[in-house]
Amino acid sequence: MKKYFLDAGTTWSKILTVENGVKTYEVLPTAQLKSLDIQFEAATGHSSTFTNVKHYENEVVALAYGAKEQLNHGNIVLDLGSRDIKWVKFKDGKFSDMDWNTNCASATGATIEMLLKFYNVDIKELKPSDEKYAVTCGIFGLEKIMDDVAKGVPPKIAISKFIKGIAFNAWNFTRNPDKLCISGGFCENECFIKSLSGYCEVIPLGRFVLTDGLYNDYSWYPGD
């Protein structure tokens, strides 16, 4: 019997399918969720209300279950998405601290995707910048980027400065750790990972930490 687990983000959704102990992963636009004829064993995320779900889990709880091994080493695990930013920390195998912000991190991931498309820039062209924009969120970053581009700064340079600002904000938001584990789509953004590496050691965990957390939390529930 197949079991499905969903991390429904604002822009992208991640699905874990488990059958006979074998896991398969899929990323799809969140807009497609409504068309799926699937009952999910468990789900998390802002957009999970669009689906047929047995169990809903808080995103920070799913993050903690998915990153349990790293957390047991005392690391901070940060999940940075299109809509919000959140982190959790354990000490001696027990919950120690966390924070969650849906305002200052609003639209950071989504803004980068829009900028890359608008300026026709391939994400692989982006290189870490020595400079950064002092911005608090994606919305306020747009003004600085467009002002610089209007002055002749190449779009890929302006976007890289924006990403450097996001990396600095993420490091500050997690209280300036020496080591930081990263969950979410930013794991696949090499410019972000290298920019953040200028402040601390970075351990990318991939996009499916929350779906794995749901599986760890709810896989023992009997199927119908």
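Me: Which residue lies over the face of F168?
Reply: In this predicted model, the residue over the face of F168 is K132, at 4.5 Å from the ring centre.

Me: Which aromatic cluster is F168 in?
Reply: F168 forms one aromatic cluster together with W171 and Y199.

Me: How many aromatic pairs does the structure hold?
Reply: There are nine aromatic pairs in the structure. One of them joins F90 and F95.

Me: What is the geometry of the pair F90 and F95?
Reply: The two rings are edge-to-face, with 6.4 Å from centre to centre and 85 degrees between the planes. The planes count as edge-to-face because the cut-off for that class is over 60 degrees.

Me: And F90, is that buried or exposed?
Reply: F90 counts as buried, because its relative accessibility is 14% and the limit for buried is under 20%.

Me: New topic: the sheets. What is the strand order in the one with β1?
Reply: That sheet is open and has five strands, in the order β3-β2-β1-β4-β5, with mixed pairing. The edges are taken by β3 (22-29) and β5 (52-56); each has a single partner strand, so one side of each has no neighbour in the sheet. On average, neighbouring strands of this sheet are turned by 30 degrees against each other, direction ignored.

Me: In which sense do β1 and β4 pair?
Reply: Strand β1 (residues 2-8) and strand β4 (residues 39-44) pair in the parallel sense, over three bridges.

Me: Where is V22, and how far is it from K2 in space?
Reply: V22 is in strand β3. V22 and K2 are 9.6 Å apart in space, C-alpha to C-alpha, and 20 residues apart in sequence. V22 is also exposed, with a relative accessible area of 53%.

Me: What about the sheet with β8, what is the order there?
Reply: The order is β8-β7-β6-β9-β10, five strands in an open sheet with mixed pairing. Here β8 (94-101) and β10 (201-206) stand at the edges with a single partner strand each, so one side of each is left without a neighbour in the sheet. Neighbouring strands of this sheet are turned by 20 degrees against each other on average, direction ignored.

Me: How many bridges join β9 to β10?
Reply: Five bridges join strand β9 (residues 179-183) to β10, and the two run parallel. C181 stands opposite I203 in β10.

Me: Which strands does α5 lie across?
Reply: Helix α5 lies across β6 (76-80), β7 (85-91) and β8, and runs at about 40 degrees to β7.

Me: How do α3 and α5 cross?
Reply: The axes of α3 (residues 108-118) and α5 (residues 155-173) come within 11 Å and cross at roughly 170 degrees. That angle makes α3 roughly antiparallel to α5. The contact is made by T108, T111, I112, L115 and L116 of α3 with I159, F162, I163 and I166 of α5.

Me: Last one: S160, buried or exposed?
Reply: S160, which is in helix α5, is buried, with a relative accessible area of 3%. Leaving aside neighbours within four places in sequence, S160 is in contact with L126, K127, S129 and C191.

Terms used. Residues are numbered from 1 along each chain as its sequence is written. This is a predicted model: local features need pLDDT of at least 70, side-chain atom pairs count only at pLDDT 80 or more; totals for chains, interfaces and linings use all residues. Side-chain values use heavy atoms; hydrogens and water are left out. Rings of Phe, Tyr and Trp (its six-membered ring) pair if their centres lie within 6.5 Å; planes under 30 degrees apart count as stacked, over 60 as edge-to-face and the rest as tilted. Buried means under 20% relative accessible area, exposed over 50%, partly exposed in between (1.4 Å probe, protein chains only). A charge sits over a ring if NZ of Lys or CZ of Arg is within 6 Å of the ring centre and within 35 degrees of the ring normal. Two strands pair if DSSP finds at least two bridges between them. Helices (H or I, at least four residues) and strands (E, at least two) are DSSP runs, numbered from the N terminus. Axes are lines fitted to C-alpha atoms, for helices over the stretch in contact, and angles run from 0 to 180 degrees between N-to-C directions. Angles under 35 degrees count as roughly parallel, over 145 as roughly antiparallel, 65 to 115 as roughly perpendicular and the rest as oblique. Contact means heavy atoms within 4.5 Å.
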